[in-house]
Amino acid sequence: MRRIALLGSTGSIGTSTLDVVAAHPGRLEVAALAAGRNRDLMLAQARRFRPRLISVSRAEDAAWIAANLDHKADVLHGMEGLKACALESGADTLLAAVVGAAGLASTEAALRAGMRVCVANKESLVVGGALMRQALEAGGGELLPVDSEHAALHQLLAGSRVPVREVRITASGGPFRTWSLERIQAATVDEALNHPTWKMGPKITIDSATLMNKGLEVIEAAHLFGLAPAAIQVTIHPQSQVHAMVGFEDGTYQLQVCANDMKLPIQYALLHPDRIPGPVPPYDWEASRQWTFETPDLARFPLLGLAYKALEAGGTAPAILNAANEEAVAAFLAGHLGFWAIQACVAAVLDGIPAEPAHTLDQVMEVDRRSRAAAATWIRHHAPTGTA
């Protein structure tokens, strides 16, 4: 029986993870649940899966959940609650799905404790990739990706002794794949949230619209698989059926194919190396379909290019990139910035704060803080009149 601490249980990855757990009652159980402010859904999840430890963001929500639980559990809140869920719940597996840099400390702590860490939080590896690798080596546990593209690469690269020339991760292209530059520049929040393939939270959906999501995945792949930036390519594949490709020195490729359902990579990470039937039907090869592939246009999606720039710079540059993007996306969703200003803000902050070697988690979090402050200043100066 694998005992899971699920951080980010009320988001799209979290709810899909609980679907996988429910499909395998003899193999998976929930030891801890942590989430943000969706206390109603958290209470429903806690009543169903009965974890011994629960954490939410705010003290008042923790008190409300504790008063309404129908089983005995410790209910905590804040960053200490996240770490407690990871380390004090009796879990042997952490699924890290907290959005943003908030999940960094708990992920690192779980790796140092020797747990299996299934990382759906891109920022843990983007912001502190080198530190996560150090924690993994110190703890002797496992680090498995939950992103569909990285789970695909993990399968394609596992045990391979053949020299790899390049890897390719695919992107749906988001809602603006066929839009002109002028139309993209004027995109509204509702248009950016209208993803053609995936149903995700608002922040990651905006990142998909800008292709920053794919830029973060490029950085993540570099840390997960020890790849140079030039060896990681992005291919637009709007059908989202081929999730990754590996190219070998002889010019041949292997592809990983499955339905576009996040429960598949979640189950792969939780049950690895076992492969058993789960909540997603097998891929249907009888259905009529067409696959298309395109090269991303960096003029229309410049954030992808900025992610490569940050990866090349190394050190704290990806942390700067990520923090500025989080602030800019939040401002766009709140109506304080236009869509095209997201990339302008990120470019300005990335150019304005020098990158430095990353040595400690505290140092990286301080860079994260300074980058957010710089982004907030930029946003105030560039917000449309009456919105800041």
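**Core packing and aromatic contacts**

Y283 is buried, at 18% relative accessible area (buried is under 20%, exposed over 50%, partly exposed in between, with a 1.4 Å probe and protein chains only). W285 counts as exposed, at 57% relative accessibility. The model is predicted, so local features need pLDDT of at least 70 and side-chain atom pairs pLDDT 80 or more, while totals for chains, interfaces and linings use all residues. Residues are numbered from 1 along each chain as its sequence is written, and side-chain values use heavy atoms, without hydrogens or water.

Five aromatic pairs were found (Phe, Tyr or six-membered Trp ring centres within 6.5 Å; planes under 30 degrees apart are stacked, over 60 edge-to-face, the rest tilted). Y283 and W285 form an edge-to-face pair, 4.7 Å centre to centre with 65° between the planes. F332 and F339 also pair edge-to-face, at 5.5 Å and 70°. Both F332 and F339 are buried.

R183 lies over the face of W179, 3.6 Å from the ring centre (Lys NZ or Arg CZ within 6 Å of the centre and within 35 degrees of the ring normal). R39 lies over the face of W64, at 4.2 Å from the ring centre.

The largest nonpolar core holds 90 residues (buried Ala, Val, Leu, Ile, Met, Phe, Trp, Tyr and Cys joined through side-chain atoms within 4.5 Å). L94, L143, L153, F176, L321, F339 and I342 touch the most other members. A second, separate core of 31 residues includes L6, L33, A35 and V146.
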